[in-house]
Amino acid sequence: MFGWMKQEQGGRNKEGEMYQTVTEGLQTLYTKKLLPLEETYLFHDFHSPALEPADFQSKPMVLLVGQYSTGKTTFIRYLLEQDFPGMRIGPEPTTDGFIAVMYGENEGIVPGNALVVDPKKPFRKLNAFGNSFLNRFICSQMPNEVLQSISIIDTPGILSGEKQRISRGYDFAEVLRWFGERVDRIILLFDAHKLDISDEFSEAIKAFKGQDDKIRVVLNKADQVDTQQLMRVYGALMWSLGKVINTPEVVRVYLGSFWAKPLQNTENRRLFEAESQDLFRDIQSLPRNAALRKLNDLIKRARLAKVHAYIVSYLKKEMPSLFGREKKKEELIVRLPEIYTHLQREHHISPGDFPNVIKMQDMLQHYDFNKFPSLKMKLIESVDKMLAQKIAVLMTMIREEESKQPPAMVSGGAFEGSQDGPFGQGYGEGISAGADAEDWIVSREKPHYDEIFYMLMPINGKITGVNAKKEMMNSRLPNSVLGKIWKLADCDRDGMLDDEEFALAQHLIKIKLEGYELPTDLPHHLVPPSHRKNPLADTLYNHSED
């Protein structure tokens with residue numbers, strides 16, 4: 001069963017030595033430290049199957065979840081900029097199964113039953129959900145640049161009503177929970193016209209409990225409503241989510257229209273572009289943070305495994321040796337919330353580390369407590385040592401690997417045209433306005449700025465900081481912002497402003513008042529012509545003045 005462990009014997013690091021890579025370190029720590037604890041206390045039966053090499057070595061995965069016709073499959077098509085095998089798009093519930101969209105040299109489909117026996121894919125443990133699920137699970141492979149960095153999991157459209165949930169033939173929420181523990185990002189998609197959260201959708205979201213840091217929410221098709229309606233839709237969505245996701249923090253919601261069609265309402269175009277770029281940056285960062293995410297998931301798993309060991313061993317200790325076993329078992333199951341509280345105090349464990357008490361009570365009904373193992377402190381101490389010492393070593397290695405290698409980013413598809421060129425976000429706006437113009441952009445408003453400048457009584461062609469401050473304070477910007485503008489505008493650092501520097505300061509104030517950010521250093525195209533080293537700039541500037 002664990003034949004892959006033997007393959008590492010030759011290259012395995014000795015105790016105290018550094019690992020070659022973070023992935024190797026994670027895999028070795030899990031195999032040597034955590035797996036023995038999980039196997040001893042039946043962790044895999046109660047919580048999550050054992051991890052395999054593919055779980056550590058797989059690319060970052062993005063899971064898309066939402067009700068039918070919210071644009072999940074279209075969203076994938078939008079990111080890849082091409083169709084993928086097995087894709088079906090329509091207003092009715094079209095995707096009736098799970099589709100893992102992954103990179104492959106040859107385009108094609110791998111059925112679920114063949115997929116779960118492939119040791120190179122991280123899906124082997126899905127065979128526990130049976131043929132009903134595997135018949136609705138496929139892997140769509142294709143040569144696409146985006147898929148070289150990430151894999152995307154498309155899910156069936158969630159319907160409303162109890163009938164649809166039962167008729168699936170497998171535990172839909174449990175499958176989502178399995179994926180939620182292993183993916184790097186969970187994207188919940190909503191339609192601007194379909195904000196209701198059905199019973200099954202509510203169960204699906206609750207299945208991601210403990211994975212809150214991975215969840216992102218996308219309000220799709222937001223261009224189909226105007227600004228006033230969008231504001232109301234956004235408020236209604238936040239209210240609906242607040243009833244399902246029981247966290248005090250507000251979930252991050254991205255607004256937009258994620259498909260390659262013209263916008264129906266263009267009044268919020270800039271908002272949609274900014275939101276899509278934020279979402280793209282979040283997805284692009286997944287390869288860079290993949291090792292850190294796996295490390296974080298391993299820590300969460302280790303904490304849960306420790307708590308599970310304490311629970312199981314306590315139940316074993318409380319059982320009588322001969323008579324009254326069944327009665328005592330029922331009593332312990334009923335008293336499980338009290339046992340949780342007792343273990344919290346005894347072992348100084350946070351309440352959030354304990355599994356769901358109701359689910360645990362249901363599962364314990366099927367086990368003989370006398371066959372549970374007693375507490376083995378050596379296994380617990382081994383995991384504690386891993387968390388206290390070994391994890392810190394891996395954290396250092398992650399930073400070292402990041403410093404030695406260029407940051408891994410998702411590229412290709414929709415990510416390719418989102419940064420550079422005239423259609424990149426912010427191109428020709430704010431501080432970058434006039435970057436490709438022949439004249440100095442400030443000169444277009446300079447006659448107006450000159451009137452103000454000469455009213456401030458310049459001496460030898462310059463005004464003092466005191467006089468400039470009086471005028472700049474009229475913008476009502478904070479002193480910290482005005483101080484930054486002064487430093488950018490005072491090009492010769494003489495503590496005074498000539499007419500060009502004053503015009504530049506007014507231009508920067510205008511940019512800030514329009515809602516754009518100021519640069520750390522002044523871009524070359526904003527440097528006043530008389531302060532440039534290139535003599536050709538004066539000729540261009542004087543020509544524009546004439």
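This is a predicted model: local features need pLDDT of at least 70, side-chain atom pairs count only at pLDDT 80 or more; totals for chains, interfaces and linings use all residues.

1. Residues are numbered from 1 along each chain as its sequence is written, and side-chain values use heavy atoms, with hydrogens and water left out.

2. Helix α2 (residues 22–40) packs against helix α17 (residues 377–404) at an angle of about 165°, with the axes 10 Å apart; axes are lines fitted to C-alpha atoms over the stretch in contact, and angles run from 0 to 180 degrees between N-to-C directions. Helices here are DSSP runs (H or I, at least four residues) numbered from the N terminus. The two helices α2 and α17 are therefore roughly antiparallel (over 145 degrees), and their crossing is left-handed, that is, the near helix is turned anticlockwise from the far one by less than a right angle.

3. The contact (heavy atoms within 4.5 Å) involves, among others, L26, L29 and L37 of α2 and V383, M386 and L394 of α17. By class, the residues of this contact of α2 with α17 divide into 14 nonpolar, 3 polar and 3 charged, where Ala, Val, Leu, Ile, Met, Phe, Trp, Tyr, Cys and Pro count as nonpolar, Asp, Glu, Lys and Arg as charged, and the others, Gly among them, as polar.

4. Helix α13 (residues 286–318) also packs with α17, at an angle of about 175° and with the axes 11 Å apart, which makes α13 roughly antiparallel to α17. Residues including L292, L295 and I299 in α13 meet residues including L387, I391 and I398 in α17, and the contact of α13 with α17 holds 15 nonpolar, no polar and 5 charged residues.

5. Which residues of α19 and α20 meet? G465, A468 and M472 in α19 meet L482, I485 and W486 in α20.

6. There are 2 cavities of 30 Å³ or more, a cavity being a set of points on a 1 Å grid over the protein atoms alone where a 1.4 Å probe fits but cannot get out. The second largest cavity has a volume of about 40 Å³, the volume being the space filled by probe spheres set on the points, which are joined across faces, edges and corners. Its lining (residues with an atom within 4 Å of a point) has 4 nonpolar, no polar and 6 charged residues, among them W178 and R182.

Methods: Angles under 35 degrees count as roughly parallel, over 145 as roughly antiparallel, 65 to 115 as roughly perpendicular and the rest as oblique. On a 1 Å grid over the protein atoms alone, a cavity is a set of points where a 1.4 Å probe fits but cannot get out, and a pocket is an open set with protein on both sides within 12 Å along at least five of seven lines; lining residues have an atom within 4 Å of a point.
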